[in-house]
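Please read the following note with the sequence and the three-dimensional view open side by side. The points are numbered so that each may be checked in turn.

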Amino acid sequence: MDSEIETQIRECEARLYTAMLASNVSELDMLIADDLLFAGPTGELVTKAMDLDLHRTGGTQFHELVPKELAIRVCSEHFVLASAKIFLSGTYLGNAFSGDYRYMRVWHRGTSGWKIVGGSVISMV
């Protein structure tokens, strides 16, 4: 069962990357839980509404997104921890950024499928 769940999460992560790069708010809405808690790169706490609004308004724009590695730990049939190293370039609130970032995401499977319920991102040095 773990390998099947891991495959599902890899597919969700790929969908997420595509949605982030395109600022596809409707796809992001399907992949992110309503009660998301996410720590941004400067430590600020971000909710789903905030994240979607940043994509909708252009506050967050990704110009390049290159996945480098993805580690997955299946905790149960309902919870999975994913750690992704990704090269990103773009702008956040008008400030340009470029470099490798480490994302930690908690995926939860509920009645509407896999959704991100928590996570964080940090810049790798």
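Predicted model: local features only at pLDDT ≥ 70, side-chain atom pairs only at ≥ 80, totals over all residues.

**Note on the structure**

1. Leaving out residues up to four places away in sequence, Ile86 touches Tyr17, Leu65, Val66, Pro67, Lys68, Gly99, Asp100, Tyr101, Tyr103 and Arg105. Ile86 belongs to strand β4. Its relative accessible area is 1%, and because the limit for a buried residue is under 20%, Ile86 counts as buried. Ile86 and Glu69 are 17 residues apart in sequence, yet their C-alpha atoms are 7.2 Å apart in space.

2. The contact list of Tyr103 deserves attention next. With neighbours within four places in sequence set aside, Tyr103 is in contact with Met20, Phe38, Phe62, Ala82, Ser83, Ala84, Ile86, Leu88, Ser120 and Val121.

3. Which residues have the most contacts inside the largest nonpolar core? They are Ile9, Leu88, Tyr103 and Trp107, in a core of 31 residues. Two or more residues of this core come from each of α1, α2 (25-31), β1, β3, β4, β5 and β6. Helix α1 gives the most, with seven residues. As background, nonpolar side chains tend to be buried together in soluble globular proteins.

4. The largest pocket has a volume of about 520 Å³. Its lining consists of 26 residues, and those closest to the centre of the pocket are Phe38, Asp51, Phe62, Tyr103 and Val121. By type, the lining residues divide into 18 nonpolar, five polar and three charged.

5. Which elements each supply at least two residues of the lining of the largest pocket? They are α1 (2-22), β1 (32-39), α3 (48-57), β3 (60-74), β4 (79-92), β5 (95-110) and β6 (113-123). The largest share, six residues, comes from β5.

6. His55 is found in α3 and is buried, with a relative accessible area of 6%. Not counting residues up to four places away in sequence, His55 touches Met20, Ser23, Val25, Leu28, Thr60 and Phe62. Leu52 also lies in α3 and is buried, at a relative accessible area of 8%. With neighbours within four places set aside, the contacts of Leu52 are Val25, Leu28 and Asp29. Leu52 and His63 are 11 residues apart in sequence, and 17 Å separates their C-alpha atoms.

7. Is Met30 buried or partly exposed? Its relative accessible area is 46%; because partly exposed covers the range between the buried limit of 20% and the exposed limit of 50%, Met30 is partly exposed. Met30 lies in helix α2. Apart from residues up to four places away in sequence, Met30 touches Arg15, Trp114 and Lys115. Met30 and Val80 are 50 residues apart in sequence and 17 Å apart in space, C-alpha to C-alpha.

8. Val74 lies in strand β3 and counts as partly exposed, at 22% relative accessibility. Its contacts, leaving aside neighbours within four places in sequence, are Asp2, Ile5, Glu6, Phe79 and Val80. Val74 and Met1 are 73 residues apart in sequence, while their C-alpha atoms are 9.5 Å apart in space.

9. Backbone angles call for a remark at two places. Ser23 is found in the loop between α1 and α2, and its phi is near 50 degrees, a positive value in a residue other than glycine. Leu93 is placed in the loop between β4 and β5, and its phi is likewise near 50 degrees and positive, in a residue that is not glycine. Leu93 is exposed, with a relative accessible area of 54%.

10. A final point concerns the annotation. The unreviewed UniProt entry places the feature "domain: DUF4440" at residues 9-116. In the model, this span is 29% helix and 55% strand, and its end C-alpha atoms lie 10 Å apart.

How values were computed. Residues numbered from 1 in each chain as written. Heavy atoms only, no water. 1 Å grid on protein atoms, 1.4 Å probe; cavity = no way out; pocket = protein on both sides within 12 Å on 5 of 7 lines; lining within 4 Å. Points joined across faces, edges and corners; volume = space filled by probe spheres on them. Helix = DSSP H or I, 4+ residues; strand = E, 2+ residues; numbered from the N terminus. Nonpolar A, V, L, I, M, F, W, Y, C, P; charged D, E, K, R; others polar. Core = buried A, V, L, I, M, F, W, Y, C linked by side-chain atoms within 4.5 Å. Buried < 20%, exposed > 50% of the residue type's maximum accessible area, 1.4 Å probe, protein only. Contact = heavy atoms within 4.5 Å. UniProt positions renumbered as here; feature names shortened; annotations may be inferred.
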